[in-house]
Amino acid sequence: MAAPIAGLSEVAAAVDKLGAQSGTQSGLVGFSLRLLQGPDEATGIAAPVPVPVPVLAVNGNKSLLPASTLKTITTGCALEILGVDYQFATVLQHDGTIDAATGTLNGNVYIRGSGDPTLAQDGWLGLFAEWHGVLQAAGIKAIDGAVIGDDSAFSTQAISGGWAWDDIGNYYAPPVTGLSFHHNTFFVSFQPGAVGSIAQLVSTSPKMPSLEFVNEMRTGTADSGDQGYVYGAPYAETYYLRGSIPKQSGTFSIKAAIPDPAYFCAVRLDAFLKAKGIIAKGEPTTARRGNHDARGTRVDLHSHLAEPLGDLIRPVNHESLNLDAEALLKAIGAKASGDGSTVAGAKAVAAFLKAKGIDTTGFDMVDGCGLSRGNAVTPNQLTAALTVFQNLPGAEKFRASLPVAGRSGTLKSIGGGTSAEGRIHAKSGTVNRVKCYAGYVDCRSGKKAAFAIMVHQYTGEYAPIKFGITSIMARLAEM
């Protein structure tokens, strides 16, 4: 019989206590804990061995909503399937001939995306200056065609079928296309009026082409907070602005999703080139809008690379970026089967987990970020996946991508001042009435473990739930 693990009974008691709270009586608390094998001294990576059985599990095989803890599975699988050094590439192309005498390109300029979610996320002037220089170097002074955004690398189903109408149109649920741009978001600014009145729509930043607004946004009380929402589907030309914003003297802004990122990219590049003297005869468009053959003969002029995947995933998990997680899942689908869709990516992830010896019974991946309430993952599946990821070449990058309790990212506000601070590296997950954490713990004894805490359909205030979760984390750190 194996020797008892010091501190494990205290962890079990903390889990039971959380499950006995009034706020969890109508819901469910799931928990799983697996001890990890130490790294090999030569490689620094744990030797690949069968996934160890949980040393403690409560409702460990119950399928629960993972919320954003699903990002651990998406990013971990991306490191293996796409590769730690994988880089999204956005290629500037043309499909014509260049008249040496006049510098006229008899054809179109294409921006061929591969799904890079970080393209121009902080602004496009530097990127466009780079592309302008490339066109100049190629001898192009005029375009007898159009600037075309090509997003055909990914499926035209730009959002998961499981996303709610209340979410899409807002910054945290933008379309995920083969050509993302400016993080697929923009700001809408209002001037609040009298309480209860329509807040005046002032501007958008940046300005959106071919997008109209029906403004039903009202002014709330000064202490009402941001209750404003944007309603609109991918590729839509009309957005509805509803809810309320707080009364204040200055303008108030909310963040919305760009409905057609590839089109917006093409429009902005076209305007930039015009200002620099390179005028395109045709109107900017997209491969989808203009029915341009994505397989046509083109000349590659320049490839703009995102940072390597091992570094790109850090903000995905630290800041819980939905767009980036969805782009990774679609890229997985494109790599595995040539189908850049959410469904293909989810199938590839499930196949990968199963091939690693993980029982995928009850596992249902509807998106890559965890926003959909159709996702289903068991606590044991989360810890099994985390155990697998520590055996992969990207293990160090994966672990570094996870926020640290009491110190960074989405875990900065939990565990501070307790034994958990600095010892818990995990991803949080939150949707209505659901709170989850999944990651690693560095125990005081020197042991390392993977854990998952999943509180499903709780009622009442979150504060007592948070206290119970923090208690579990502290007991884990004290093992």
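# A tour of cavities, sheets, salt bridges and a pocket

The second largest cavity holds about 40 Å³ of space. A cavity here is a set of points on a 1 Å grid, over the protein atoms alone, where a 1.4 Å probe fits but cannot get out. The points are joined across faces, edges and corners, and a volume is the space filled by probe spheres set on them. The model is predicted, so local features need pLDDT of at least 70 and side-chain atom pairs count only at pLDDT 80 or more, while totals for chains, interfaces and linings use all residues. Residues are numbered from 1 along each chain as its sequence is written, and side-chain values use heavy atoms, with hydrogens and water left out.

**Stop 1: the second largest cavity**

Select Ile73, Leu353, Ile358, Asp359, Thr360, Phe363, Val377, Gln381 and Ala385, which line this cavity. A lining residue has an atom within 4 Å of a point. Six of these lining residues are nonpolar, two are polar and one is charged. In these classes, Ala, Val, Leu, Ile, Met, Phe, Trp, Tyr, Cys and Pro are nonpolar, Asp, Glu, Lys and Arg are charged, and the others, Gly among them, are polar.

**Stop 2: the largest cavity**

The search of the whole structure finds three cavities of 30 Å³ or more. The largest cavity has a volume of about 80 Å³. To display its lining, select Met208, Pro209, Ser210, Leu211, Tyr235, Ala236, Ile258, Pro259, Asp260, Tyr263, Phe264 and Arg289. By class, nine residues of this lining are nonpolar, one is polar and two are charged.

**Stop 3**

The side chains of Asp260 and Arg288 meet in a salt bridge, at 2.8 Å from N to O. Asp260 lies in the loop between strand E15 (252-257) and helix H4 (261-275), and Arg288 lies in helix H5 (residues 287-290), so the pair ties together parts that are 28 residues apart in sequence. A salt bridge needs a side-chain nitrogen of Lys or Arg within 4 Å of a carboxyl oxygen of Asp or Glu. By this rule the count is 12. Helices (H or I, at least four residues) and strands (E, at least two) are DSSP runs, numbered from the N terminus.

Is Asp260 buried or exposed? Asp260 is buried, at a relative accessible area of 5%, whereas Arg288 is partly exposed, at 34%. Buried means under 20% relative accessible area, exposed over 50%, and partly exposed in between (1.4 Å probe, protein chains only).

Next select Arg407 and Glu421, whose side chains form a salt bridge at 3.7 Å, N to O. This pair links distant parts of the chain, 14 residues apart, with both Arg407 and Glu421 in the loop between helix H10 (395-400) and strand E19 (424-431). Arg407 is exposed, with 52% relative accessible area, and Glu421 is partly exposed, with 28%.

Then go to Glu478 and Arg475, where the side chains meet in a salt bridge of 3.0 Å, N to O. Glu478 is partly exposed at 34%, and Arg475 is partly exposed at 26%.

**Stop 4: two open sheets**

Strands are taken as paired if DSSP finds at least two bridges between them. Select E4, E5, E7 and E16: these four strands form an open sheet in that order, with mixed pairing. Strand E4 (97-98) and strand E16 (279-280) are the edge strands, each pairing on one side only. Two bridges pair strand E7 (residues 142-143) with E16 in the parallel sense. Ile143 stands opposite Ala280 in E16.

The next sheet is open and antiparallel, with five strands in the order E2-E1-E21-E20-E19. Strand E2 (56-58) and E19 are at its edges with a single partner strand each, so one side of each has no neighbour in the sheet. E19 runs antiparallel to strand E20 (residues 434-442), and eight bridges join the two. Cys436 in E20 is the bridge partner of Gly429.

**Stop 5: the largest pocket**

Which element gives the most to the lining of the largest pocket? E19 does, with five residues. Strand E13 (227-231), helix H7 (322-337) and E19 each supply at least two residues of the lining.

A pocket is an open set of points with protein on both sides within 12 Å along at least five of seven lines. The largest pocket holds about 470 Å³ of space. Its lining has 26 residues, and Tyr171, Tyr172, Glu319, Ser320 and Asn322 lie nearest its centre. By class, the lining has 10 nonpolar, 10 polar and six charged residues.
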